[in-house]
Amino acid sequence: MATLEIRDLHVAVEDKEILRGVDLTVRAGETHAIMGPNGSGKSTLAYAIAGHPKYDVTGGEVLLDGESVLDMTVDERARAGLFLAMQYPVEVPGVSVSNFLRTAVTAVRGEAPKLRDFSKEMRGAMAELQIDPAFAQRNLNEGFSGGEKKRHEILQLEMLKPKVAVLDETDSGLDIDALKVVSEGVNRFREGGETGVLLITHYTRILRYVKPDFVHVFAAGRVVEEGGPELAELLESEGYEKFTKAGASA
């Protein structure tokens, strides 16, 4: 069963410390929500786990099933079972969605799927996400609406089937209908109970559809409060101010 362990993680960007000792464990079958104000370090955690070169890990460990991912390249982390749904997916002109997905699936699974099987699998996943079949021939994220970009991130999630998924503000920019579709995709990914989810968000609205087991409040680069789903409701009613003060004084 997959386990992602983050131990006393410190991360700097351009010599400025952003994460100041993060401890967090995500096990298979668990969904962890990270909530916090802008600038608290939530996205820094996501990109550090994924291996973005801008984020310099200055201390601590990130382990997937006991093996350090910090020693792995970005593609090695993906093949090991880590997945990041980005808050702002980039455009890749000249690369179709279909070609991108087949290349990614081949890299992660270790062999190229038969084209007929892959096409059937992709069409099925697209139908579940209410994505027009013509979408497969469009250039990756080029001219996509915010909702299309987020649906495509979840399409990747369903096709790649990672051990642990880090979802960085997947709910941002979505209207209520798109939010429900994306949430249903995340729930399909979770339903087998063999994968873990780390869901980063500002708001509780996605948590009404994707129920977390644990909620962690981020402030000033560290976890300052932890609890169950009820903590998200407290944040909704009271805001982040008292937690921000606690983080600043720690």
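Visitor: Which helices and which strand each supply at least two residues of the lining of the largest pocket?
Guide: You're looking at a predicted model, numbered from 1 along each chain as its sequence is written; local features need pLDDT of at least 70, side-chain atom pairs 80 or more, while totals for chains, interfaces and linings use all residues. Side-chain values use heavy atoms, without hydrogens and water. Helices (H or I, at least four residues) and strands (E, at least two) are DSSP runs, numbered from the N terminus. The suppliers are helix 1 (42-50), helix 2 (74-80), helix 3 (97-109), helix 5 (146-160) and strand 6.

Visitor: Which residues lie nearest the centre of that pocket?
Guide: The largest pocket has a volume of about 720 Å³, and 32 residues line it. By class, 22 of the lining residues are nonpolar, six polar and four charged. Nearest the centre lie Val74, Ala78, Phe83, Leu84 and Gln156.

Visitor: Where does strand 6 sit in its sheet, and which residue stands opposite Leu84?
Guide: Six strands make an open, mixed sheet in the order 6-9-10-3-11-12, with strand 6 (82-85) and strand 12 (222-227) at the edges. Two strands pair if DSSP finds at least two bridges between them. Strand 6 pairs with strand 9 (residues 164-168) in the parallel sense over four bridges.

Visitor: How many charged residues line the second largest pocket?
Guide: That pocket holds about 280 Å³ of space, and its lining includes Glu158, Lys161, Lys163 and Arg188. By class, the lining has two nonpolar and three polar residues, and the charged ones number six.

Note on methods:
1 Å grid on protein atoms, 1.4 Å probe; cavity = no way out; pocket = protein on both sides within 12 Å on 5 of 7 lines; lining within 4 Å. Points joined across faces, edges and corners; volume = space filled by probe spheres on them. Nonpolar A, V, L, I, M, F, W, Y, C, P; charged D, E, K, R; others polar.
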